[in-house]
Amino acid sequence: MNPAIRLTDITKSFGAERVLDGISLEVPPGTVYALLGTNGAGKTTTISILTTLLQPDSGTATVAGHDVVTAPAAVRSAISMTGQNVTVDLVLTGLENLVLIARLRHVAEPKRVAADLLERFGLADAAHKPTATYSGGMKRRLDIAMSLIGEPQVVFLDEPTTGLDPAGRREVWETVTGLASNGTTILLTTQYMEEAAHLADTIAVLARGRITASGSHHDILEVAGAADLESAFLALTAEGAHS
């Protein structure tokens with residue numbers, strides 16, 4: 001079975017700064033892959049390359065079997081992306097936000113699709129309320145629901161719980177777990193080891209543009225020689241950590 005996502009020796013620099021230094025990874029279909037790292041590690045740059053927003057300087061990348069450089073339109077038709085900032089329209093209701101995106105994507109029966117997603121994400125009771133009244137967790141869940149319109153093969157979540165309180169973070173975790181149980185391929189970035197351990201089948205630790213460890217969270221603990229997740233993260237992202 002071909003991987004849903006494949007990166008091979010990807011590099012990317014901005015001026016004299018090397019942001020990605022030859023990273024390679026593979027994500028099997030229907031799994032959750034967490035790219036874990038501190039600010040500036042290269043997580044968002046990686047997501048931007050995979051979603052065709054940036055081109056790599058060298059190396060190859062494919063998503064859903066399509067090359068991100070030579071077939072960007074095919075990649076975009078197969079994916080969805082939820083960025084670090086929530087993009088819902090705060091004036092519209094939850095239902096209106098979803099119907100708007102469904103119509104923009106030319107989905108059949110947009111109202112039915114919107115209603116189904118509201119039910120699936122536990123937002124049916126708030127369907128007719130302006131999203132300005134939603135909690136942070138509810139807004140993020142709606143944002144993710146909007147990204148699923150059109151049934152993408154691969155979903156990218158760039159630090160989906162940044163800025164949320166613990167309750168909101170748990171809401172998003174439940175949402176991601178539900179997506180994974182339905183067979184959606186998910187690549188998420190995060191700064192939280194606990195989050196990666198809770199959600200991901202595979203974790204890759206990214207530091208200074210290189211992957212310093214990858215595997216299950218138990219593998220990560222073993223590679224780091226650490227007894228707890230926080231110590232493992234600090235060890236693998238410290239200066240001098242290497243693949």
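**Entry 1: terms.** Before counting who supplies a lining, I note that helices and strands here are DSSP runs, a helix having at least four residues and a strand at least two, and that they are numbered from the N terminus. I also keep in mind that this is a predicted model.

**Entry 2: the second largest pocket.** I began by asking which element gives the largest share of the lining of the second largest pocket. It is E6, with 4 residues. I then looked up the elements that each supply at least two residues of this lining, and found strand E6 (79–82), helix H3 (94–104) and helix H5 (136–147). The volume of this second largest pocket comes to about 210 Å³. It is lined by 13 residues, and those closest to its centre are Met 81, Thr 87, Ile 101, Met 146 and Ser 147.

**Entry 3: the largest pocket.** For the largest pocket I noted a volume of about 290 Å³. Its lining is made of 13 residues, and Leu 117, Arg 120, Leu 148, Gly 150 and Glu 151 are the ones that lie nearest its centre. The lining of the largest pocket divides into 6 nonpolar, 3 polar and 4 charged residues.

**Entry 4: salt bridges.** Side chains of opposite charge can pair when their charged atoms come close. How many salt bridges does the structure hold? I recorded 9, and looked up several of them one by one.

Arg 18 pairs with Asp 21, with 3.1 Å between the closest N and O atoms. Both partners fall in the middle class of accessibility: Arg 18 is partly exposed at a relative accessible area of 44%, and Asp 21 is partly exposed at 36%.

The next salt bridge I looked up is formed by the side chains of Arg 112 and Asp 116, at 3.0 Å from N to O. These two residues lie 4 residues apart in helix H4 (residues 110–120), so they are separated by about one helical turn. Arg 112 has 41% relative accessibility and counts as partly exposed, and Asp 116, at 43%, also counts as partly exposed.

I then turned to Glu 171 and Arg 141, whose side chains meet in a salt bridge at 2.6 Å, N to O. This pair links distant parts of the chain, since Glu 171 belongs to helix H6 (residues 166–181) and Arg 141 to helix H5, 30 residues apart.

**Entry 5: aromatic rings.** I looked for aromatic pairs, and the structure holds 0 of them. A charge over a ring did turn up, however: Arg 169 lies over the face of Tyr 192, at 4.2 Å from the ring centre.

**Entry 6: positive phi values.** Which residues other than glycine have a positive phi? I wrote down two, Thr 52 with phi near 70° and His 106 with phi near 55°. Thr 52 has its place in the loop between helix H1 (43–50) and strand E4 (58–63), and His 106 lies in the loop between H3 and H4.

**Entry 7: the start of the chain.** Last, I looked up Asn 2, which is in the segment before strand E1 (5–14). At 65% relative accessibility, Asn 2 counts as exposed, the cut-off for that class being over 50%. Asn 2 and Pro 29 are 27 residues apart along the chain, and I noted a separation of 7.9 Å between their C-alpha atoms.

Key
Residues numbered from 1 in each chain as written. Predicted model: local features only at pLDDT ≥ 70, side-chain atom pairs only at ≥ 80, totals over all residues. Heavy atoms only, no water. 1 Å grid on protein atoms, 1.4 Å probe; cavity = no way out; pocket = protein on both sides within 12 Å on 5 of 7 lines; lining within 4 Å. Points joined across faces, edges and corners; volume = space filled by probe spheres on them. Nonpolar A, V, L, I, M, F, W, Y, C, P; charged D, E, K, R; others polar. Phe/Tyr/Trp six-rings, centres within 6.5 Å; stacked < 30°, edge-to-face > 60°. Lys NZ or Arg CZ within 6 Å of the ring centre and 35° of its normal. Buried < 20%, exposed > 50% of the residue type's maximum accessible area, 1.4 Å probe, protein only. Salt bridge = Lys/Arg side-chain N within 4 Å of Asp/Glu carboxyl O.
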